[in-house]
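Here's a quick briefing to read with the model open. Have a look at the fold before going through the points below.

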Amino acid sequence: MLILANTLSFNGGTTFILRLCREFLRRDKRIGVLVLINDVDKKLLLEIEKYADVYFLGDYQRPLFSWTFSSQLGVFFPLDFKSLKVLFHRYDNCVHVMGVFGLLFAARFIKKQSTSLKMSVGIYHQNEFMFSDANYYFANIAKAIFSKLGADAVILFNENCVTSYSVFFDNDYSSSVLVPVGIDLPVMTREIYGDSSSGRIVSIGNLYNFKSYNMHIINCMPFFLMGNPSIVYEIYGAGPFEKNLKELVASLGIEHAVFFKGQIPYSELPDVLAGAFLFVGSGTAIVEASALGIPSLIGIESTREPITYGFLSDVEGFSYNEMIEGKKVSLMLDTIKTLLHDSDAWLDVAIKCKGKASSFSVIHTVDGFQLQGSRDFCVGPSEVNGYSNIRALISFLCCGVKHTLGVDVRFANRRDQGTLG
């Protein structure tokens, strides 16, 4: 299998690739990763290279156009398809697509070579393909191609996506492979790594506006500090929303209690989490925190209100990130208060979160990937016959110009769907 990865920057997708490659190699299968954009965390790259073969799409381009691979632009520029065909054949023409641009690149390859690929498409964020009309050809053709693939080509990572994709695309995805975005369960020297008395609230993740939980916890901090002046909120990560969060902290006058720690190497995550009173977040970080025995509060993405589904142990299945209509919620402040002065309640939640995390083992994930691979689903010219690379390039350039000018940022913000303005 060859994974078509957008980047290898420090994010949940890249750390997932690392865990996926490592588990495949444990099963004596060395897979490949083709990176579409030259955006790489060097430490993570070195780790992934221990378990998989890593290639860069820019290496299949003439030096004259090497600059295009600093963004998605390179996906549309001239490529050495003869060499790429050799690469795909090395992995039995079996690819796993991780996003819109990976799907467009695969479609371009299929059409150019008049061939078929054994394909799976992972839905790593509910809005990656399920976004409103973006008025750009490249985005709409990606949705059109995806809609033709059917359930056998899709890997879903939570039950809510099964329902929402079935409705949005008017297709039944109930038979698609459903797996967790798996983690490696830690080997622990003690049962619980958290500390009920530390007062440390921790979040780890890139700082984007759709990850609204950072903002909500900051707004809760004055209430916590009134009851316990030693409580602190540590935010690990970086991103475009950091400036907004720092301005909010300053406006509340709580700079002494909220600390922006920047990005940390993935290998240091357990050390950072050790001794935390509470973790707040989404993605795989909340599962990894839970696995260490730390009460982990769900940060629902793109919410204006400071609401939560509770702790990770409170949800059934794998659906916890997205806002789900009709699902019971509570206020973050009230949920956290249940642990503040009750060490027995804290310990009970810590143990339950640790137990819940076991269902997210990467072993289950790779089992599902292998099941999908056994279906041997192929995508050929008939599924991509509407794709035009020239039109896609022109529309992408138009989108980029409008985004830079601030005229239209809808596609780049598709994961937020405009709920936070």
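**Strand 8 and its surroundings**

Strand 8 and strand 9 (residues 232-236) run parallel and pair over 5 bridges; strands (E, at least two residues) and helices (H or I, at least four) are DSSP runs, numbered from the N terminus, and two strands pair if DSSP finds at least two bridges between them. This is a predicted model, so local features need pLDDT of at least 70 and side-chain atom pairs count only at pLDDT 80 or more, while totals for chains, interfaces and linings use all residues. Residues are numbered from 1 along each chain as its sequence is written, and side-chain values use heavy atoms, with hydrogens and water left out.

**Partners of strand 8**
- I201 has Y233 as its bridge partner in strand 9.
- Getting from strand 8 to strand 9, the chain passes through helix 7 (residues 213-227) in a right-handed β-α-β crossover; right-handed means that, with the strands pointing away from the viewer, the path from the first strand over the helix to the second runs clockwise.
- Strand 8 also runs parallel to strand 11 (residues 278-281), joined by 2 bridges, and here I201 stands opposite L278.

**Burial of strand 8**
- Strand 8 (residues 200-204) is largely enclosed by the rest of the structure, because 5 of its 5 residues are buried (under 20% relative accessible area, 1.4 Å probe, protein chains only).
- Both faces are covered, with R200, V202 and I204 on one side and I201 and S203 on the other.

**Helix 5**
- Buried residues of helix 5 include Y137, F138, K143 and L149.
- Just after helix 5, G150 has a positive phi of about 85°.

Definitions and conventions
Buried < 20%, exposed > 50% of the residue type's maximum accessible area, 1.4 Å probe, protein only.
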